[in-house]
Structures are given as C-alpha cells and as structure tokens.
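Hi everyone, thanks for coming.

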Amino acid sequence: MPHNAIQLREWHEDDAPAVLAAFQAPDMRRQAPWPVVTPKDAMGWIAAWSGVGHAFAVTLGGRVVGNVAVTCIDDHDNGWVSYWTVPEVRGLGVASAAADLLARWAFEERGLYRLELGHRTDNLASCRVATKAGFLPEGIERGKLGYEGVRHDVERHARLAIDPPPRPPAVTALPATVPADLPADRPAGHGSLDRLAPGRATQG
C-alpha cells in the first residue's frame, strides 16, 4: 500500500469511541495521564491536547488507528515527537509512515528545525519506527525513566529540517482484525511507548 494510504487529521470529539477502544489494550493503559475507561475519559483525552502542541489522528483505510504529536515546541524551533498505534496495525509500517508525515508537516508548515524523540533502549520496535521515519540516533540518556523502582536508559533520536528525507516507509494493507468499533473516518473534505499523552514527552 502506498505511503499516502496513511493520513493525518485533527482529532474531533466524535473520535472518542476510537480513542476508548485504543486504550483498552494492556500496553496502552499507561499512555495517558488518567485511565481512559469511559467515553467521557476519551473525550477528555482529546480535549487535553488543546494548547500543548499539535496532535493528529492517524487514519488507515478510513479508520483511526493511532496518534502522532509534536509538543514542547521552544523558541529555537525544536519540538518533541510522540506516537502510538493500536496493536492490530503494529508491524505494518503505520507508525513510521505517520511519524514521517508529521515531521514533514512540522518542517514545512510549522517551520520547525529540529524534532526529537526518545525510547527505552530495550524497546526495539520504537527504535525501528524512529529510524525508518528518518530520526537518527544521537546517544543514550542513562537512567532517565523510572518504572516500579527500575531505572531505564533512553536512546534519543533527532531529525533536522536539513536532513535528507527518508524514503517514504511502506505500509501494508489494513488487516481484517482491526476492531469494528474503530469508527470509519469522515469523507474527504471534513475537517511504542511511555506516556504518549497530552503533556507527556517520552516514548517507551
């Protein structure tokens, strides 16, 4: 499936069912600053992005399958990238394609110069996403994250506006196993990982 099968758009209140479904995955439950267990929680998660950066729903085959965001934008035109996808589309190239699209938007439309992200050194899947999306490794931040009394090293990646863009990551077809309760996207014309939620900035 071509790279343009992935689309980014703004989140809307009626995406709450897709958000609620996504956060039922066990490894997604720590990705929000509060438990997302009701439609109201999901609507609050969407609303919480207002004013903290730019977050986009990732769609594939007309369905919402993830989120990408750039936050912590500073006076030097730097930003921090985060992303997640629903388990059913992991390994299909969705996250790397979406992160690449976000980077291109951030450079071309938002005027940013440097984008950073980080992942635990034992999170090889997130490392592959970052690398395929053109984020080069820059070093290890020792003991940066702590979970349940255990410290984790983090590898930082960055992509600059002047870096040669990567070849658009390939995306395979949407599998039949994507839950039916992930709602179909609007028609055209309508407007992994640690704490990838509003106000959070470090990937797992």
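Predicted model: local features only at pLDDT ≥ 70, side-chain atom pairs only at ≥ 80, totals over all residues.

Let's begin with the layout. The protein chain has four helices and seven strands. Starting at the N terminus, the order is β-α-α-β-β-β-α-β-α-β-β. There are 204 residues in the protein chain, and 49% of them are buried.

Now let's look inside. In soluble globular proteins, nonpolar side chains tend to be buried together. Here, the largest nonpolar core holds 50 residues. Which of them touch the most other members? Those are Trp 11, Trp 45, Tyr 83, Val 94 and Leu 115. Several elements each supply at least two residues of this core, among them the helices α1 (16–22), α2 (39–47), α3 (94–108) and α4 (124–132). On the strand side, β2 (53–60), β3 (63–71), β4 (78–85) and β5 (114–120) each supply at least two as well. The largest share comes from α3, with nine residues.

On to the charged residues. Side chains of opposite charge can pair when their charged atoms come close. How many salt bridges are there in this model? The count is 10.

Let me show you three of them. In one, the side chains of Arg 114 and Glu 138 meet, at 2.6 Å from N to O. Arg 114 sits in strand β5 and Glu 138 in strand β6 (residues 136–147), so this pair ties together parts that are 24 residues apart in sequence. Are the two partners buried or exposed? Arg 114 is buried, at a relative accessible area of 18%, while Glu 138 is partly exposed, at 46%.

Another salt bridge joins the side chains of Arg 156 and Glu 141, at 3.0 Å from N to O. This pair, too, links distant parts of the chain: Arg 156 is in strand β7 (residues 150–160) and Glu 141 is in strand β6, 15 residues apart. Arg 156 is buried, with a relative accessible area of 17%, and Glu 141 counts as partly exposed at 22%.

These two pairs also take part in something wider. Arg 114, Glu 116, Glu 138, Glu 141, Lys 144 and Arg 156 are linked in a network of salt bridges.

Arg 120 is buried, with a relative accessible area of 13%.

Last stop: helix α4. Which residues of α4 are buried? They are Ser 126, Cys 127, Val 129 and Ala 130. These residues cover an arc of only 160 degrees around the axis, which puts them on the same side of α4. As background, an α-helix has 3.6 residues a turn, so residues three or four places apart point the same way. What does the buried side of α4 pack against? The buried residues of α4 pack against β4, α3, β5 and β7. On the face turned away from the buried side, α4 carries the exposed residues Leu 124 and Lys 132. And just after α4 comes Gly 134, with a positive phi of about 90 degrees.

Key:
Residues numbered from 1 in each chain as written. Heavy atoms only, no water. Buried < 20%, exposed > 50% of the residue type's maximum accessible area, 1.4 Å probe, protein only. Core = buried A, V, L, I, M, F, W, Y, C linked by side-chain atoms within 4.5 Å. Salt bridge = Lys/Arg side-chain N within 4 Å of Asp/Glu carboxyl O. Arc of directions from axis to C-beta. Contact = heavy atoms within 4.5 Å.
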